[in-house]
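My entries follow in the order I looked things up.

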Amino acid sequence: MPLVSGAEVVLAAAKAGRGVGAFNVIQLEHATALIAGAEQVGAPVILQISENAVKYHGALKPIGVATLAAAAAATVPVVVHLDHAMDRDLVTEAVTLGFTSVMYDASKLEYADNVAATTEVTAFCHDHGVFVEAEIGEVGGKDGVHAPGARTRPDEAVAFAEATGVDALAVAVGSSHAMTERTATLDFDLITRLHEAVAVPLVLHGSSGVADPDLTRAVEAGMTKVNIATHLNNVFTDKVRQVLADNPKLVDTRKYLGPARDAVATEVARLLGVLNAV
């Protein structure tokens with residue numbers, strides 16, 4: 001199945017009231033695991049490569065091209081997405097490589113500057129048929145603009161979406177990045193108000209800290225794209241630890257990365273059910 005656009009997957013899900021799982025790729029094992037999980041349940045999936053992952057690899061092209069190749073071989077619709085990009089040149093490179101979705105994050109800027117920068121990036125991406133997600137206000141779990149307890153105002157969200165022309169909007173409703181325990185408390189009333197007010201699909205960042213029932217409820221309240229990274233990293237790492245503990249003399253990386261990849265695939269399949277993505 002050919003690589004699909006972010007618009008094709010996210011807008012269709014929003015119209016149907018379904019969620020879309022957006023999961024982070026750090027290594028090739030992650031990409032193949034995420035696709036395998038989606039194929040188990042026949043759901044579309046978004047593979048996200050963050051700016052931090054690019055820094056880890058030293059460049060976007062190696063992990064980007066590998067992920068695009070894995071996506072092109074999938075039997076379900078797959079979107080390859082650049083996540084939390086603050087570097088404009090990185091956005092350009094991702095579009096050139098063939099990414100079909102970009103999240104441009106200028107949320108650390110003052111509101112007017114965020115609007116101006118995001119509008120420029122959106123125009124460039126739309127000229128190349130690429131879906132654009134942006135962020136307004138604050139999403140918890142990072143320094144500065146990502147302060148815990150932040151909330152997005154519906155009126156500001158409407159104005160931002162209209163001014164920039166973005167295709168999806170990440171909003172702050174109580175989740176927080178990099179949580180290793182699933183104890184976040186979401187503001188479902190705010191999600192409903194944002195969904196009713198904003199014309200584009202909403203994105204929930206920091207979803208690893210949200211319990212299963214609340215993920216389902218968030219989708220039912222109006223969230224569409226749901227980003228989950230740390231939780232799957234926990235699954236991957238726990239399986240590696242278990243295999244190495246059971247086999248202390250093991251040195252073949254395939255013998256512990258393979259089971260970790262399979263564990264992530266199983267969890268992705270389960271999460272897609274939680275998100276009503278099927």
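**Entry 1**

I started with strand 1 and found it running parallel to strand 8, joined by 4 bridges. Two strands count as paired when DSSP finds at least two bridges between them. Helices (H or I, at least four residues) and strands (E, at least two) are DSSP runs, numbered from the N terminus. The model is predicted, so I kept to its limits: local features need pLDDT of at least 70, side-chain atom pairs count only at pLDDT 80 or more, and totals for chains, interfaces and linings use all residues. Residues are numbered from 1 along each chain as its sequence is written, and side-chain values use heavy atoms, with hydrogens and water left out.

Gly21 stands opposite Val226 in strand 8. Val226 is also the bridge partner of Leu204. Strand 7, helix 9 (residues 212–221) and strand 8 form a right-handed β-α-β unit. Right-handed means that, with the strands pointing away from the viewer, the path from the first strand over the helix to the second runs clockwise.

Is strand 8 buried or exposed? I found 6 of the 6 residues in strand 8 (residues 223–228) buried, so the rest of the structure largely encloses it. Buried means under 20% relative accessible area, exposed over 50%, partly exposed in between (1.4 Å probe, protein chains only).

**Entry 2: strand 2**

I then looked at strand 2 (residues 45–50). Strand 1 (residues 20–24) pairs with strand 2 in the parallel sense over 3 bridges, and Phe23 has Leu47 as its bridge partner. With helix 2 (residues 28–41), strands 1 and 2 make a right-handed β-α-β unit. Strand 2 also runs parallel to strand 3 (residues 78–85), over 6 bridges. There, Ser50 partners Asp83.

Which residues cover the two faces of strand 2? I listed Val45, Leu47 and Ile49 on one side and Ile46, Gln48 and Ser50 on the other, all buried.

**Entry 3: cores**

I turned to Phe23. Its contacts (heavy atoms within 4.5 Å) include Leu34, Leu47, Ile228 and Leu272, leaving out residues up to four places away in sequence.

The largest nonpolar core has 80 residues, and Phe23, Val91, Val173 and Leu215 have the most contacts inside it. Helix 11 (residues 254–274) contributes the most to this core, with 9 residues. A nonpolar core is a set of buried Ala, Val, Leu, Ile, Met, Phe, Trp, Tyr and Cys residues joined through side-chain atoms within 4.5 Å. I also noted a second, separate core of 13 residues, including Val4, Val9, Ile46 and Ala168.
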